[in-house]
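Please look over the model below before reading the report. The notes are arranged by region.

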Amino acid sequence: MSPLFGSRKDEKPAQDTPAARDEQEQWFLPLDTRDYLRGLFGQLKQPVILELFTRPGQNDKFSEFCGKLLRDLARISDKIEVRHYGPDDERFREAGIDFTPEILVSPDRYKLRFTGAPAGEEARSFIETIMLASTGDSGLSQPSKELLATLKEPREAKVFTSPTCPYCPGQVMNGVRAAIERPDLVSFRYVEIGENSELADRYNVGSVPHTVFNDTLVALGQEPEVRFVVELVTLKSAEEWLKEHGAALAAPEGAKDVDVVILGGGPAGLAAAIYVVRSGLSAVVLEKQNVGGQVALTPVVENYPGFPAIAGAKLVDILFQHSREYAEVKELTEVSEVKLGKRIEVYTLGGEVYTCRALVLAMGATWRQLGVSGEQKFFGRGVSYCASCDGYFYRGRKVAVVGGGNTAITDALHLKHLGAEVTVIHRRGELRAEKHLQDSLVREGVPMRWNSVVTAIEGETAVTGLRIKDLVKAEESSLPVDGVFVAIGQQANSDLARQIGVMTDEDGFILVDEGMRTNIPRVYAAGDITGGIRQIVTAIGKGTTAALTLFEDLSKRGEV
């Protein structure tokens with residue numbers, strides 16, 4: 001999707017007259033964004049009413065943002081109508097407005113609330129909500145629709161977000177789609193934590209996306225669609241429920257047959273898809289969350305050839321759009337089982353089945369944990385593994401970053417620039433991060449705790465401090481902090497691989513030969529899941545190698 005709030009300045013109008021200049025200056029959205037939205041809004045069907053509620057003295061700059069944004073949207077399409085209410089209006093009280101700014105989307109048909117300005121990452125989910133409200137089509141999968149059809153009692157889902165969180169829009173759209181599918185019983189509320197800290201504190205939000213179902217069940221992180229709907233309907237954790245009932249969610253109409261199934265939509269998986277299809281084979285990419293993997297969470301990438309400096313999310317968007325020109329890429333699609341046979345069978349939690357001749361495992365790696373007391377207890381309440389997701393929450397507060405590699409120092413700089421008071425804790429006497437990152441850390445004056453490890457994370461209901469041991473002096477001390485960001489490496493997402501007999505090393509990374517072959521014929525692995533040097537360029541190289549190797553192997557067997 002094109003950026004909704006681009007940085008390109010408006011071009012000069014064709015006629016440079018005073019009237020034309022006045023018209024140009026009155027727009028809030030840049031020209032390229034308006035052009036994009038004008039084309040998109042051509043698909044609107046039913047009119048969409050946007051009700052904006054503001055209260056003077058409460059989040060004024062964000063209320064102004066919403067007013068200008070909605071005014072432009074209404075000017076772009078005559079199918080969008082904006083109504084603005086203040087605290088003296090009866091509609092303000094009738095709608096039960098407690099925090100502003102707040103936007104209700106098509107309140108005549110749906111229960112959709114955006115509490116806080118839909119800026120940053122959430123701009124796209126707001127625009128998508130308008131589109132869905134106009135068409136009336138939730139876009140949910142058949143299994144999700146069938147689950148929602150069983151609902152007999154009202155449900156409310158609140159999703160707490162930040163404008164820098166790349167995972168939040170996916171979770172927001174889960175809630176929006178459910179509310180559009182069952183407008184009679186499901187209501188959805190988006191809450192931006194920076195503008196609504198009182199509401200965020202009330203629900204103990206310390207990490208985003210943070211979802212609350214009916215004020216009873218809490219879910220942390222982005223979820224696949226079916227998992228979200230299961231929790232919304234049952235008000236129970238979906239983990240065990242899906243294991244017991246996942247296969248019964250829907251009877252697949254028939255297995256979808258492709259030459260290659262690629263598990264994982266990071267750089268390795270996306271590169272593999274491009275090269276598989278360019279070799280004349282068909283492919284599908286199945287990604288459990290959003291495409292991009294760790295890259296999407298990196299504020300700035302400065303070591304990717306051809307881009308001296310580029311936002312991780314922007315680089316992911318480029319890779320995503322390129323790969324989609326070749327192969328189908330399915331996000332939020334969780335694989336539950338793989339069966340080996342003459343054809344490899346891949347089953348998803350949503351009830352889909354794929355059969356293929358070759359399988360590429362590119363599920364990447366996840367954050368390694370400290371393994372100290374308090375880490376599990378305070379996850380989402382001061383303990384985080386994603387500075388891009390949760391850093392916004394800690395502006396003006398004290399935080400620690402644990403680690404000494406590129407990720408840790410990048411996170412520390414990102415948090416510093418957001419306005420957090422940062423301390424880096426590293427178990428060695430020197431950093432492993434690239435020199436330019438170390439130099440930036442020195443320039444920013446970020447304090448270091450050298451030769452130190454965290455032994456405990458302390459607090460009552462949220463993180464209040466760390467216990468730190470100095471490995472040289474063998475002394476322990478306390479460091480008061482509001483949050484701790486852990487960046488001490490990764491562990492492979494190889495559970496599914498081990499279930500089918502793929503060999504791994506002692507750390508769980510998949511063992512491969514120079515062609516990315518595993519010990520099982522027709523099963524290949526690429527990217528961070530194979531260990532070694534874990535950089536974007538090496539992941540892309542491994543994905544490319546896997547694709548070319550599998551084509552060569554299938555050719556030798558006479559299968560292509």
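The report covers a nonpolar core, a helix, a helix pair, a sheet and one arginine.

## Basis

This is a predicted model.

## Nonpolar core

The largest nonpolar core contains 55 residues. Those with the most contacts inside the core are Phe41, Leu50, Leu73, Phe126 and Ile130. In soluble globular proteins, nonpolar side chains tend to be buried together.

Leucine 73 can be followed in detail. Not counting residues up to four places away in sequence, Leu73 touches Leu29, Leu37, Phe41, Leu50, Ile80, Phe126, Ile127 and Ile130.

## Helix α9

Helix α9 spans residues 225-234. Nine of its 10 residues are buried, so α9 is largely enclosed by the rest of the structure.

Just after α9, leucine 235 takes a positive phi of about 55°.

## Helices α11 and α12

Helix α11 is formed by residues 267-278 and helix α12 by residues 312-324. Their axes come within 9 Å and cross at roughly 30°. Angles under 35 degrees count as roughly parallel, so α11 is roughly parallel to α12. The crossing of α11 past α12 is left-handed.

On the α11 side, the contact is made by Pro267, Leu270 and Ile274. On the α12 side, Leu319, Phe320, His322 and Ser323 take part.

## A four-stranded sheet

An open sheet of four strands runs in the order β9-β15-β14-β13, and its pairing is mixed. Strands β9 (256-257) and β13 (335-339) stand at the edges; each has a single partner strand, so one side of each is left without a neighbour in the sheet.

Strand β14 (residues 344-348) and strand β15 (residues 353-356) pair in the antiparallel sense over four bridges. Tyrosine 347 has valine 353, in β15, as its bridge partner. Strands of a sheet pair through backbone hydrogen bonds, either parallel or antiparallel.

## Arginine 534

Arginine 534 lies in the loop between β27 (523-525) and α17 (536-556). Is arginine 534 buried, partly exposed or exposed? Its relative accessibility is 33%. Buried requires under 20% and exposed over 50%, so arginine 534 counts as partly exposed.

Leaving aside neighbours within four places in sequence, arginine 534 is in contact with Gln490, Phe509 and Asp528. Lysine 314 is 220 residues from arginine 534 along the chain, and the C-alpha atoms of these two residues are separated by 20 Å.

Key. Residues are numbered from 1 along each chain as its sequence is written. This is a predicted model: local features need pLDDT of at least 70, side-chain atom pairs count only at pLDDT 80 or more; totals for chains, interfaces and linings use all residues. Side-chain values use heavy atoms; hydrogens and water are left out. Buried means under 20% relative accessible area, exposed over 50%, partly exposed in between (1.4 Å probe, protein chains only). Helices (H or I, at least four residues) and strands (E, at least two) are DSSP runs, numbered from the N terminus. Two strands pair if DSSP finds at least two bridges between them. A nonpolar core is a set of buried Ala, Val, Leu, Ile, Met, Phe, Trp, Tyr and Cys residues joined through side-chain atoms within 4.5 Å. Contact means heavy atoms within 4.5 Å. Axes are lines fitted to C-alpha atoms, for helices over the stretch in contact, and angles run from 0 to 180 degrees between N-to-C directions. Angles under 35 degrees count as roughly parallel, over 145 as roughly antiparallel, 65 to 115 as roughly perpendicular and the rest as oblique. A crossing is left-handed if the near helix is turned anticlockwise from the far one by less than a right angle, and right-handed if clockwise.
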